[in-house]
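This report is for a reader who meets the structure for the first time. Please look through the sequence and the model before reading on.

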Amino acid sequence: MVRYTVVIPAAGKGKRMGADENKLMLTLQGKPIIVWTVEAFSKDAWCERIVLAVRPEEQGWFERQLYHLETPITYVTGGEERQQSVRAGLQVVDPNGIVLIHDGARPFVRIDQLHAIAEAAETEGAILAVPVKDTVKQVTAGQIKQTVPREALWLAQTPQAFPAADIRAVHNQAERSGFIGTDDASLFEWAGKKVTVLTGDYHNIKMTTPEDLLFGEAILTKEDYQ
Ligand SMILES: Nc1ccn([C@@H]2O[C@H](COP(=O)(O)OP(=O)(O)OP(=O)(O)O)[C@@H](O)[C@H]2O)c(=O)n1
Ligand SMILES: C[C@](O)(CO)[C@H](O)COP(=O)(O)O
């Protein structure tokens, strides 16, 4: 058993979703996306604590949705970028353990994947990812510049897991340097540290655009997500 804390960034604006509210408040089978996500961790005995980065004006809503869960939840104030929200969460994590970082917008992570990624992160970074399924084109001004060989291309997911002291130090170094990455592994790579890739699951989608809600409802019809 590898006990861990999870930092869940949940302070985004959901612009691509086009909703009138934070997309994590939208529901799948009547339950808010963020509740599905947080419950996946609260059901895991390895998860000691949940750190949720939220916008201050939304914290009350999150607290009312999540008060029933047993796992302790700490709320921090998120930032303008995902990276800043994650960094805020890392400041309150015990530096002596393992930390998982998981998008609030990914409600379909499975416990076996949480355990695999936590075990892989005892000495280095580890992420879930899935191989690219389509042909990938590099495009400039609407013209194809090249077809990118896809044998080595993977789509990064979350959770991403790290020794907590290391990822916090790298995030603080990136903040000082002005380096911004779209995921936490890219900061570890930037710092010259190793990141292992574990094969994830195509169900572990990020609720980003409206059609993802349709995919999410379909995924939830499978009983093993209830
Ligand atoms: N400043 C931000 C931006 C994003 N996130 C969180 O990071 C996760 C992944 O980000 P994304 O899917 O891009 O969410 P949004 O930034 O809200 O989406 P968009 O880019 O469409 O606005 C989400 O759970 C989101 O709430 C965050 O905590 N703080
Ligand atoms: C972290 C991530 O989910 C890995 O694919 C992705 O980079 C988040 O990107 P977003 O634009 O902040 O959703």
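The sections below describe the sheet, the helices, the core and the surroundings of the ligands.

## Basis of the description

This is a predicted model, in which local features need pLDDT of at least 70 and side-chain atom pairs count only at pLDDT 80 or more, while totals for chains, interfaces and linings use all residues. Residues are numbered from 1 along each chain as its sequence is written, and chains are lettered from A and ligands numbered from 1 in the order in which they are written.

## The sheet

An open sheet of seven strands has the order S5-S4-S1-S6-S10-S7-S11, with mixed pairing. Helices (H or I, at least four residues) and strands (E, at least two) are DSSP runs, numbered from the N terminus; two strands pair if DSSP finds at least two bridges between them. Strands of a sheet pair through backbone hydrogen bonds, either parallel or antiparallel. Strand S5 (73-77) and strand S11 (195-199) are at the edges with a single partner strand each, so one side of each has no neighbour in the sheet. From one strand to the next, the twist averages 25°. Angles run from 0 to 180 degrees between N-to-C directions, and axes are lines fitted to C-alpha atoms, for helices over the stretch in contact.

Strand S4 (residues 47-54) pairs with S5 in the parallel sense over five bridges, and Ile 50 stands opposite Ile 73 in S5. S4 also pairs with S1, again in the parallel sense, over six bridges; here Pro 9 has Ala 53 in S4 as its bridge partner. S1 and S6 run parallel and are joined by four bridges, with Thr 5 opposite Val 99 in S6. Further along, S7 pairs with S10 in the antiparallel sense over five bridges and with S11 in the parallel sense over five bridges. Ala 126 takes part in both pairings: Ala 161 is its bridge partner in S10, and Thr 196 stands opposite Ala 126 in S11.

## Burial in the strands

A residue is buried if 20 or more other C-beta atoms lie within 10 Å of its own, exposed if 12 or fewer, and partly exposed in between, with C-beta atoms placed from the backbone. Six of the six residues of S1 are buried. They cover both faces of the strand, with Tyr 4, Val 6 and Ile 8 on one side and Thr 5, Val 7 and Pro 9 on the other. In S7, five of the seven residues are buried, so the strand is largely enclosed by the rest of the structure.

## The helices

Helix H1 has eight buried residues out of ten, so it is largely enclosed by the rest of the structure. Among them are Ile 33, Trp 36 and Phe 41. The buried residues of H1 pack against S1, strand S2 (27-28), strand S3 (31-32), S4 and helix H2 (59-66). Glu 63 is found in H2 and counts as partly exposed, because it has 13 C-beta neighbours inside 10 Å.

Helix H4 (residues 111-120) packs on the sheet and touches S1, S6, S7, S10 and S11; its direction makes about 60° with that of S10. Two residues are in contact if their C-beta atoms, placed from the backbone, lie within 7 Å. Helix H5 (residues 164-177) lies across S6 and S10 and runs at about 110° to S10. Ala 164 is found in H5 and counts as buried, because it has 21 C-beta neighbours inside 10 Å. Leaving aside neighbours within four places in sequence, the contacts of Ala 164 include Val 93, Ile 98 and Val 99.

## The nonpolar core

A nonpolar core is a set of buried Ala, Val, Leu, Ile, Met, Phe, Trp, Tyr and Cys residues joined through C-beta atoms within 7 Å. The largest one has 56 residues, and Val 7 and Val 99 have the most contacts inside it. Helix H1 (residues 33-42) gives the largest share of this core, seven residues. Not counting residues up to four places away in sequence, Val 7 touches Val 51, Ala 53, Val 86, Gly 89, Leu 90, Val 93, Val 99 and Ile 101.

## The ligand surroundings

Ligand 1 is surrounded by 22 residues, the closest being Pro 9, Gly 12, Arg 16, Ser 85 and Gly 104. A residue is near a molecule if its C-beta atom, placed from the backbone, lies within 6 Å of it. The shell around ligand 1 divides into seven nonpolar, seven polar and eight charged residues. Ala, Val, Leu, Ile, Met, Phe, Trp, Tyr, Cys and Pro count as nonpolar, Asp, Glu, Lys and Arg as charged, and the others, Gly among them, as polar.

Around ligand 2 stand Arg 82, Asp 103, Ala 156, Gln 157, Thr 158, Thr 182, Asp 183 and Lys 206. By class, this shell has one nonpolar, three polar and four charged residues. S10 gives the most to the shell around ligand 2, with three residues.
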